[in-house]
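Hello,

Here is the structure I promised to pass on. Have a look at it first, and my notes follow below.

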Amino acid sequence: MTEGPLLSLAGVHTHIGQYHILQGIDLEVPRGGMTVLLGRNGAGKTTTLKTIMGLLAPSQGEVRFRGQPIGGRRPHANARDGIAYVPEDMGIFAGLTVKENMTLAAREGAFSADRLDWLLTLFPALRKFWESPAGVLSGGQKQMLSIARAMIEPRDLLLIDEPTKGLAPAIITAMIDAFRELKRSETTVLLVEQNFLFASSLGDTVAVVDDGRTVHRGTMAELTADAELQERLLGLSLEGHS
Amino acid sequence: MLMDGLLSGDRFRSPVLAGVIALITVALVVLPFADDGPRALAMGARICIFVVLVASYDVLLGYTGIVSFAHTMFFGFGAYGAAIALDNMGASWGAIGLGTLAALGVSIVVAVAIGLLSLRVRAIFFAMITLAAASFVLILASQLHEFTGGEDGITYSVPRMLKPAFKLFDGEILGLRFSGKIVSYYLVFLVSAVLFLVMLRVVNSPFGRVLLAIRENEFRAEALGYRVVAYRTASFVFAACMATLAGVLSAVWLRYTGPDTSMSFAIMIDVLLMLVIGGMASMYGAIIGVVIMNLAQFYLQDLMEVGMEATISLPLIPELIAPERWLLWLGVLFILCVYHFPAGIVGRLRGLK
Amino acid sequence: MSEAQDAAAGEAAAGLPPKRLRDIVEAWLPPLLVPLIVLVGLPLIGGLPQWLTLTLAGLSMGMMIFLMAAGLSLVFGLMDVLNFGHGAFITFGAFIAASVLVPLNAWVTAESLPLNLLAVLIAVAAAVLFGLAMGFLFERIVIRPVYGQHLKQILITMGALIVAEQLVPVIWGALPVSVPMPNAFAGTVIVGEATLERYRLLAVAFGVLVYIATYLTLTRTRIGLIIRAGVENRDMVEALGYRVTAVFIGVFVAGSALAAVGGVMWGLYREIITAHVGNEVMILVFIVVIIGGLGSLRGSLVGALLVGLVTNYTGFLAPKLALGSTLLLMVLILLWRPTGLYPATKT
Amino acid sequence: MTEAHPDSIPAVHPVLETRDLTIRFGGHVAVSQVSCAFQAGSLTAIVGPNGAGKTTYFNLISGQLRQSAGRVFLFGEDISGLPASKRALRGIGRAFQLTNLFPNLFVLENVRLAVQARARAGFDLFSVANRHRELIERAELLLDQVALLGQAYNRVSALSHGDQRKLEVALLMALEPEVFMFDEPTAGMSADDAPVILDLIHGIKARGDKTILLVEHKMNVVRALADRIVVLHNGQKVADGEPDAVMGLPVVQEAYLGVAPGSGQAAGS
Amino acid sequence: QDKDPIKIALVQGTSGSPLEVFSRQSQDGFRLGVEYATGGSNMVLDRPIEIITKDTQFKPDVARAVLAEAYGEDEVVLAVGGTSSGVTMAMLPVAAEYEKILLVEPAVADSLTGPDASEYIFKTSRNSSMDMQAQALALKPDENLYVATLAEDYAFGRDGIAAFKRALEGTGAHVVHEEYVPLKTTDYTAPGQRLLDALKDQPGRKVILIYVAGSGDPMGKLKGMAPERYDIELSTGGHILPVLPTYKRVPGMEGAIYYYYEAPKNPVNDWLVKTHQERFNSPPDFFTAGGMAAGIAVVEALKKAGSTETADLIKAMEGMSFESPKGTMTFRPEDHQALQSMYHFKIKVDPDVDWAIPELVREIKPEEMDIPVNK
Ligand SMILES: Nc1ncnc2c1ncn2[C@@H]1O[C@H](COP(=O)(O)OP(=O)(O)OP(=O)(O)O)[C@@H](O)[C@H]1O
Ligand SMILES: Nc1ncnc2c1ncn2[C@@H]1O[C@H](COP(=O)(O)OP(=O)(O)OP(=O)(O)O)[C@@H](O)[C@H]1O
Ligand SMILES: [Mg+2]
Ligand SMILES: [Mg+2]
């Protein structure tokens, strides 16, 4: 297997219907690290993840996974190849129980007991509602289910779209720990996140998207250190606001 | 401005569409002058009546998202109302009026009952309940044959003014003798036009917008303060009344009413076909769908006859395009329509730049 | 679905504070309905032989309807696809039975149960093959573009139905066709004073077989889960690594094959078939599927048996009501349980 | 900061009050005997862990769910039996946690529908909707306020997640209710866009006569806006009071913020 | 100018209903009839006959429009049709309006020559009264006969049973039970049980008379309930060829049939059977025979009238007798119904024939039947 980034996008364009949404995304996700994708609402972050997962087909440019081009490959093939996806709308199956939701994610059959235990300890609510239809979960609990589902089996690459939205601070703290643990197990993560604190405490590298284009790439350390850069790229003025 | 008012501000949003609708309207107006033969007139009148029927179904299906299979039942109430009144009271305008009122009364009661009882259940259940109600009424019509003439239907006569023998005035205009047939054609045309414009107004009113909202997301509509069941029932009743009036028109025009002209499931399917081919959630779609289907019904066979004769030596093909198989091709057209023009022909025209 | 919609739906199912007794009754009543009606029927009908005849006929008619409804229920319940074209598969199944059995006349008329049975099995196999092939095409051409859109499904499958019905006379000619009944199934079993056509026994056996096979497939495999999830969110199931498309085709094709088998059985029962033979029973089939609760196989079975019994009993007790009886049954059941006897989704 | 204090208004009745509000789902009690009164001009933040019952509490107030026990009062009147639509018309406005819009209608039409509901013009069958200039202008104004005017003629289904959240808020604003209920209005909103919404909420509060309920997990937002915090935990109200006092309570620190008492640092802020 | 063709319209449903095939049989028969009656020249009054077909699509409104078109625009001399009674009913007034003849074929209902029919309506097809009278005669009714009837619950079914009972009047036979089932019934167990219950304890000869149109098979289903246990016979009218295979279950059953190609013994029928076999490779059926009768009637009427004027034609046709595949038919002047023979049959099963053979017992002549005039 080649060295180099686990996932790379070069000059990716994506259309949805007649709309030209992505207009040149360049991205490299190093193996074993966590890359954070930042950008304002409507910038094209979600579209980028969908394009990688195969839910949208790029109209131009290259998507490579382990060096192999995968642009336009069907999502199930990507999933079997080791990519897991936590969509923005969580994508849980409301009519299925929590258990069934998880069962579907464990494609190889039975759960690994340890891993399940680890996830259920991380998200205790799931244990409580194990046999309930996922539709009755609270907003945050659905979010937890979606994340747990993506992590139930070891995967090489996790694509996660805004995991912390709707989660209580306590859970977010716990999740930071969990992600650190994941990182130790060599799982690569591409994260879209608005919660800068969460992102900055986990991310190694960052890319900022605006108007369907990558406008900045660099390390997280660089970005956290440079307030001016933050201001320019992200308008991180929340602190001073209210 | 006047035009805009008549059309309730419902823009064509496509020059082709505007042209086609204008053409159809003009064609319907001058039709008797061009061809006062029975087939042409029958087609013209059928188009007018079905425009009302299909448009009223569009209010339900396209705008409110209610799938009902009982729409022709209301059409039948109207037709039988007028027919039974004319049959029993003799050919008078009073009979038509009374029949209409009685039919509207029945339609409103039945529509409110069905609406309140069952508009709360899931769409598919509602569809089944209406299907059940419609087949029940159909059987009723055939069992109450003293009243309805059963399968044979009722033949009756209409006020003198509408009979072929009647002359509105002596002499001709542009070569057309204004017989009662022509008078009743124009009567049908005018009433249909008015009903159509009324429906156009309603779907473009604030009420119409609420119907769209309910179709899209009834839960949220309720949360905004719209009482969904009330609106749905209102929409159902309104559409039922319009269908009833279309039924009256049909009864007066045909001078015959029977299950096959008014209530049968075949008409329900025709209505569906017309609506979908024309384009749902657009009143103009109803016009286009009705015209296309009627042209097909009256003339596609002739075309296929030619085709069959041309291919008579080939295997299977002449079988497939025998004139009797015109329904087959209509079915194919229909599938292609749902497939390729999900918004019907109107949607397609509007999509063109 | 939005959270509050879920919540509202959940409320309906979960109900207010648990009332123990009521819960128990609610849970046990549906399966008990059939024996209950059979029991109530006896004093109403009066005579034991009449009651026995009607009950056996009702149950076996129910089984035949179930055979036709099973495919629809499967497709409807698992894939949420409302296939108005289902009737076309029944029709084609029946015509295929005729086409197979007529040339096999020697076997059909032979005085030998194995030969008779073999003839029927060949007809069934032909119908299954046809169902598989047509189902495949149907899914690709007609159904594929309209997953998740009920309205369009109704429309497009109706279009397909028209086409299919029109194709029958092109293929088989416009005259009614007779389906020869194999010798062994032609007679009647007489039990005391009660009678039962032998053919109905075959139908019951077939129905039970199909029920068990389908039930096992659905519970022993993950297919049910994948499909249910896929209906809610296809993309997500794909993203979990399943080839939803293939699974959906599989289920649809299986449903179509079942319909065709139902058609064979129905064609044999009707003896004379026309292009409308499938469509004629569709209202009944829809009613059964709805009474049962969308997509529940068990529900369809119970629903079909109920319909079979109720039509036979009312046909005997009050013939005027016979036709309305199924509709009435449906309305009553929907008033009691707005989502049918066995609602498939648990929310 | 110009804050209207609850007690500065002569409160005959609280605007909104719940008494012993309870709902059970089977055996699970999602909201348990919550009693709370909300005064005009106040902004109350409702916080609590995921699954604490916040959204369910909102559903009970706005009528999406029917309580198993307890009562809801609006201006002293018992509205517990009213359907959601009637409550909306009486002034209970609600934005949803998970976006809940009319996906195939234009963005403008979404807001227009809400404006029209407010104007009670729904059963107007015979006027032309497009001629109600005042309704349309009002809708446009609201879209402008949430920075969505540029998208007015896009279909909602083509909006990004964050933009849909903004529209959700615009619909609530359009209803001009007496009680505003926001369920995590800024979830998924970028740092650029969230302030727009927070400004709006702040603007409503500043008018001083509206009652605002806010569910929010971002502590900095809560601190900046709320003048009272109610904490729900396992469906029960476990704390209620001034922000600083409530945030200091051990139960909040532990169960909600997930930090050992006293360490004072929360990840979500 | 004399060579202008004489136009005749066949206004029948050829699409949209299972009955469409009957229309086509009828049209084939009509052409054969014209051919036969003109000696193969297709000329009458020295003018060629031109046949125009129009599809009613089984829709009354379409039917009226195309019939009016035929009369008004195509200027046909007369029209023949339609197939279903309801649609034909709707066509009647059009004939009166255009003052031209409508020859009803193959629709059956009595009401087509009833009060709504004008002087312009003639009918070569049989009517339900004939079916039932013949059926009654085929039962050889006497005091010893006990009948229970099964029919569909609508005008057609009830009228048929009424006609049947009329036919039994004065014979002393008893109708002990009338069972009506909803249209489109498929399971006949319940009505069958009621019929058995009603009949089984009666004395004498016990018969269940089945009068159900459409393609359902009540006879087979009733047979399945073993009525012979109680010495109950079944009896029903004959049917078109494709349905006759189902009669194999009831060997020996007797009833009356409208037409079976081996039944009538006359030159017209011989020619028809031979020609049909040659051209279509199958024996003729009900509606081929009916269509042929109509074709012959039209040609004979034109010949007799010597003109194409409607008034002349009506005068010529009233009381006119002509030879058809079913022997001599006569348009009776009172209601213009063509009186005709029916055939008493007994089912014979021959393993080498695909269908059950309704073997002729005897021809029931028109004079034997008392067909009411209900104008
Ligand atoms: N189905 C669609 N049709 C048309 N445009 C779309 C569609 N889906 C998304 N878009 C547009 O694509 C752009 C990018 O959307 P995307 O969802 O990728 O943004 P995002 O960066 O994830 O934003 P957010 O932070 O709000 O989730 C937006 O401007 C959106 O309006
Ligand atoms: N219909 C229902 N049936 C059963 N349980 C339900 C139902 N609706 C909600 N619940 C449960 O009630 C609890 C409260 O849910 P709620 O949505 O109110 O939480 P929340 O406080 O809004 O959480 P979050 O912050 O995650 O949005 C949850 O545990 C949920 O699973
Ligand atoms: Mg996004
Ligand atoms: Mg919540």
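Leaving aside its neighbours within four places in sequence, which residues is S118(E) in contact with? They are A96(E) and K375(E), where contact means heavy atoms within 4.5 Å. S118(E) sits in the loop between β5 (101-104) and β6 (121-123) of chain E; strands here are DSSP runs of E, at least two residues, numbered from the N terminus. S118(E) counts as buried because its relative accessibility is 18%, and buried means under 20% relative accessible area (1.4 Å probe, protein chains only).

Before the rest, a word on conventions. This is a predicted model, in which local features need pLDDT of at least 70 and side-chain atom pairs count only at pLDDT 80 or more, while totals for chains, interfaces and linings use all residues. Residues are numbered from 1 along each chain as its sequence is written, chains are lettered from A and ligands numbered from 1 in the order in which they are written, and side-chain values use heavy atoms, leaving out hydrogens and water.

Now to chains D and B. Their contact takes 35 residues from chain D and 30 residues from chain B. About 2800 Å² is buried between them, with carbon and sulfur atoms giving 61%; this is the accessible area (1.4 Å probe) that the two parts lose on being put together, summed over both. In chain D, F102(D), F123(D) and L125(D) lose the most area to chain B, together 19% of what that side buries.

There are two salt bridges between chain D and chain B (a side-chain nitrogen of Lys or Arg within 4 Å of a carboxyl oxygen of Asp or Glu). One of them joins R209(B) and E109(D), at 2.9 Å from N to O.

Best wishes

Definitions and conventions:
Helices (H or I, at least four residues) and strands (E, at least two) are DSSP runs, numbered from the N terminus. Buried means under 20% relative accessible area, exposed over 50%, partly exposed in between (1.4 Å probe, protein chains only).
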